[in-house]
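Here is a short tour to read alongside the viewer. Take a look at the chain below, and then we can walk through its fold, surface and charged pairs.

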Amino acid sequence: MGRPCLYGLAAGGEAGVARVLAIFRTEVERDMCLMGRIRIAEITANDVAHISQFRSKPSSFRAPVKSMRIVP
């Protein structure tokens, strides 16, 4: 939410931030309707598509290690 609000502030001041928040609210309400949810409290983790590789086990991710060959 941070960046869009800053863009709204830069583009339109307080009215720009209000517009960004109104758009966000509209999108959340639409998505809840599409999921069949009436209240935010009804949304569970299973309703959210996680695209992060750190979703369940952050310690399980290890960056690939490139082997280095030292030539004398």
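## Overall picture

A residue is called buried when its relative accessible area is under 20%. In this predicted model, 7% of the 72 residues of the protein chain count as buried. The accessible surface comes to about 6,800 Å², and carbon and sulfur atoms account for 61% of that.

As for secondary structure, the protein chain has one helix and zero strands.

Leu 21 lies in helix 1 and is partly exposed at 41% relative accessibility. Phe 24 is also found in helix 1, which covers residues 2-35, and is partly exposed with a relative accessible area of 40%. If you like distances, Phe 24 and Pro 4 are 20 residues apart in sequence, and their C-alpha atoms are 9.6 Å apart in space.

## Charged pairs

Side chains of opposite charge can pair when their charged atoms come close. Counting nitrogen-to-oxygen contacts within 4 Å, the model has four salt bridges.

One of them joins Asp 47 and Arg 37, at 2.9 Å from N to O. Both residues lie in the segment after helix 1, so this pair ties together parts that are ten residues apart in sequence. Asp 47 is partly exposed at 22% relative accessibility, and Arg 37 is partly exposed at 26%. Another salt bridge links Arg 39 with Glu 42 at 3.2 Å; here Arg 39 is exposed at 52%, whereas Glu 42 is partly exposed at 28%.

Note on methods: Residues are numbered from 1 along each chain as its sequence is written. This is a predicted model: local features need pLDDT of at least 70, side-chain atom pairs count only at pLDDT 80 or more; totals for chains, interfaces and linings use all residues. Side-chain values use heavy atoms; hydrogens and water are left out. Helices (H or I, at least four residues) and strands (E, at least two) are DSSP runs, numbered from the N terminus. Buried means under 20% relative accessible area, exposed over 50%, partly exposed in between (1.4 Å probe, protein chains only). Accessible areas come from the Shrake-Rupley method with a 1.4 Å probe; for residues, only the protein chains shown count as cover. A salt bridge is a side-chain nitrogen of Lys or Arg within 4 Å of a carboxyl oxygen of Asp or Glu.
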